Structures are given as C-alpha cells and as structure tokens.
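Please read the following briefing alongside the sequence and the coordinates.

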Protein chains: 2
Amino acid sequence: MNHEIVDIETKMLDNWRKAMPSASIVLRSAISSGGHGPAIRWCRLRAGEKQAEVLPGLLALAPEGRVVVLADEPGDALTLEVLAAGAVGCCNTHAAPEVLQQVALVVGNGGLWVGQSLLQQLVGNAARVLAQRQPVGESATMLNGLSEREWQVAKLVAGGASNKEIADRLSIAERTVKAHLTAIFEKTGARDRLQLSLKVNGMNR
Amino acid sequence: MNHEIVDIETKMLDNWRKAMPSASIVLRSAISSGGHGPAIRWCRLRAGEKQAEVLPGLLALAPEGRVVVLADEPGDALTLEVLAAGAVGCCNTHAAPEVLQQVALVVGNGGLWVGQSLLQQLVGNAARVLAQRQPVGESATMLNGLSEREWQVAKLVAGGASNKEIADRLSIAERTVKAHLTAIFEKTGARDRLQLSLKVNGMNR
DNA sequence: TTGACTATTGCACCAAAGTACAATTTTTCG
DNA sequence: CGAAAAATTGTACTTTGGTGCAATAGTCAA
C-alpha cells in the first residue's frame, strides 16, 4: 500500500512512522498534483485548524486519492464534516500504530472509517427509523411476488454466486436452481443473472 | 486472539478454518457460561433463522464476550438488529478469510463492523458526496490499474450490458470485448462479470 | 530505433447459463 | 380428502461467457 502523509511540517510522529514506515511525507504546500498519487493520503489537521481551509484544496488537487484526516482534536462533528467534504475517514492524530494500520486496511478496501461513538449514534438513529418502516415480512415477498425459495435464490445470485454454488448452499440440484431462475426472470423482467443482481441490489430502476 | 465459533453443527466452513485456524467450535446448546470466555464469539445465523431467537440467549450467557454474527443471508436490516441486540458486528457467512481476519482486527480493538452499504446509508449526505467522487478516482487508482478502455468495458458490464451490446456501443468486435474482460478479471481478481459488477458498484467488501 | 504496453481481431474450444418439454413430489388450503 | 400451487429433477438443446494461442498495429518513452 502506497501512503503519503501531508502536514505543515515534515517531522513525523512516532506512531505514524511505526504504522507506515514506507510512507512519504510532504508539506501541504508541496502536494504533487499530477501523475499517480498515493493510494492513501493522510492529512493532519492540527489543533485550531479548520478542515474547510485545508481539505478542499487537497481534494481538488488529487481527486483520485483517498484522504484520511488525522485530527489533533477529533470529534463526531468534525468527522461528519470531513466525510461530507470527500475524505474517507477521520481518526485521532495520536492513535496507536495498530489502529492506524487498521484504518489503512479498511480504507484501502473501499471502506469508510468512522469512530465508534459516532457510528453507534448513527446506528441508533437508523435503527429507530428502520424499525418503523420495515415490516419484517416484506423481504420475503418483495420484487414482484417471488416465492420464498425464489427469493433465496435471487439473493444468492445477487451476491455473485454461481448456479452450482447456489445448489450446494440450498442442497438442491443445479437443475432446480435453473428452474427457479427461469421463473425469477419471468416475474422480474430481468434478462439474465446480472440484471437480476442489479435489480435486487437496487441499482436499477 | 482467542476465538470461538458457535453454530448448530460443528462442521466448519473452509473459509472460517483458514481465517481462524485456532478457533474452538462449539454447539449453541453447549456454550460455556462461566469462566473466561473467548475474546470473540462468532455466531452463525443460518438461512431462515431469526436473530431474535439466537442472540439474546447467547449474549445473556456470555455478557463479557464480543459477538460477531455470521449471517447466511446478511442485510442492512439484519445488521442493525444484531447491533441493537448487543453484537459488535455482522458479516457474510461466506466472506473470504481475509475479510474475516479484518473483522477480527477491528472488533478486537473495540470497533464495530458494519458493511459498507449500510455505513454509507448511515452517513447519508457524506456518502452521497463520496459516491459521486469514487467512480472518477477509481478509474485511475482503485480497481487495480485498469486501462481507460478496460474501465469503459468494466462500467458497461457493471451496468448489465452483454458482450454484444458492449461491442456495438464501443464499435469493436465482440472478441475484443472478451479480451478486455479477461484482462479485467485478471487485474481485479473478479471471477466473472457478475462479481466484477459487484466490485465496480461497491457492493463487495 | 527498440522494447514495453495497449488495442484489436480471428479461430477453436470448453464451461456456464439459460430454455423447452416433461414428470414426480411436497405443501398449502378450502 | 382433493385441487392448486410450489418445489423438485431429468434429458437434451441453444446461447452466451470466457480462455488459449496467435497475429497485426499504434503509442510512448528510454
């Protein structure tokens, strides 16, 4: 993994060095705009600094990079701000090296890094909303009146499984899977498994 | 890290064994209540099972442990439910070993594990901003250095197009589309067009 | 210029996906 | 119980997806 640490001075903290020994360190004023940027840019936000004065410029210069903010004074509000600005994570400047590596792992795989307290608040909100408008029984019959079995097959297909894998998972013959799929295609209007996947995952329509 | 896998049978899936070779496997009916429990308990929720019938008992018996749910049929709603019940994570039963180890790392350090699609919903506006930024950046760095042409093909595949349709759209032979796809599969690690679609659309994790 | 990389295409071939036609078993419900 | 619907499976077939091998041609940088 290719890392770059952006700060207003080049002196690194020990925990950064331990977490990412191979990272390059650059001044904010000397960010490379062209070429292939690093996989992950770690941008330090020092105490008292406003993220709005630092992040936009950085993100504009390197739109292809994933930016994680290292905040001297982290908080849930700040995290929300930097995510809204386009960063993919926000954590404490003085986090342990192991934590930083963990962040790198998650972010490197396309994830977002959010602190636990904020996440729990968000989860709490969503749980309340979902509890009200998600009758549990719905999931069984949605998508144009699929039967329970057909819905099982549809979900597995949507997850990328092959017919053989689905057959093994459900302990039925591969031919039966195909029969279900034919029925599913008919009911949903999908042309093939890929378009079904898009429908199930809500990417279509 | 001390692991315990809880299921209704003791036969482990291959990916679990690879991810946690030293884990102990126990039946749900034989959970050790006293003494020092494992650092992380992985509780499998098989297809059709209700988390409400499994989790509360497990959490009551071992209040000190961190429980991660391995769901045969994962989903955002289920994730919210199990987190609300007291679990610290929820992921796919058939997740790759590397993913499971990542989950163990996050959970072991006090984090919560949430799938990307749910997290993005939770973060809401911030995620929407990100969703628009991602495709641009991914063409250059993410998705393992695809060429411009390959990226065009990948996007069309992700949209549900057939090889013939892609060929017509790009005014090239269908054979050429296949050639690009072979290269794309190699670079991205996708097994077929459906899994590529999931990767491009960010449904994977 | 030469080497590395990308784009393009053909031919042959195998594997997976999907359809047509037909049959049996299980479940559900009045 | 008996009818209807859903689930299951088989054989055979067509189509699409994907790979291996090989060749031609353009671009870009050392």
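In helix 8 of chain B, the buried residues are Asn163(B), Ile166(B), Ala167(B) and Leu170(B), where buried means under 20% relative accessible area, exposed over 50% and partly exposed in between, with a 1.4 Å probe and protein chains only. These residues lie on the same side of helix 8 of chain B because they cover an arc of only 100° around the axis, the arc being that of the directions from the helix axis to the C-beta atoms. This is a predicted model, in which local features need pLDDT of at least 70 and side-chain atom pairs count only at pLDDT 80 or more, while totals for chains, interfaces and linings use all residues. Residues are numbered from 1 along each chain as its sequence is written, chains are lettered from A and ligands numbered from 1 in the order in which they are written, and side-chain values use heavy atoms, with hydrogens and water left out.

- Most residues other than glycine have a negative phi.
- Ser171(B) counts as exposed, at 65% relative accessibility.
- In chain A, Ser171(A) likewise lies in the loop between helix 8 (163-170) and helix 9 (174-188), with a positive phi near 55° and a relative accessible area of 66%, so that Ser171(A) is exposed.

**The surface near DNA strand C**

- DNA strand C is surrounded by 18 residues, the closest being Arg175(A), Arg193(A), Ala173(B), Arg175(B) and Thr176(B); a residue is near a strand if one of its heavy atoms lies within 4 Å of it.
- Of the atoms of DNA strand C that come within 4 Å of the protein, 61% belong to sugar and phosphate.
- Helix 9 of chain A supplies the largest share of this surface, five residues.
- An N or O atom in the side chain of Arg193(A) is 2.6 Å from a phosphate oxygen of DNA strand C, and for His180(B) the corresponding distance to a phosphate oxygen is 2.8 Å.
- A base nitrogen of DNA strand C lies 2.6 Å from a polar side-chain atom of Arg175(B).

Key. Helix = DSSP H or I, 4+ residues; strand = E, 2+ residues; numbered from the N terminus. Polar contact = N/O pair within 3.5 Å; in protein donor to acceptor, adjacent residues only side chain to side chain.
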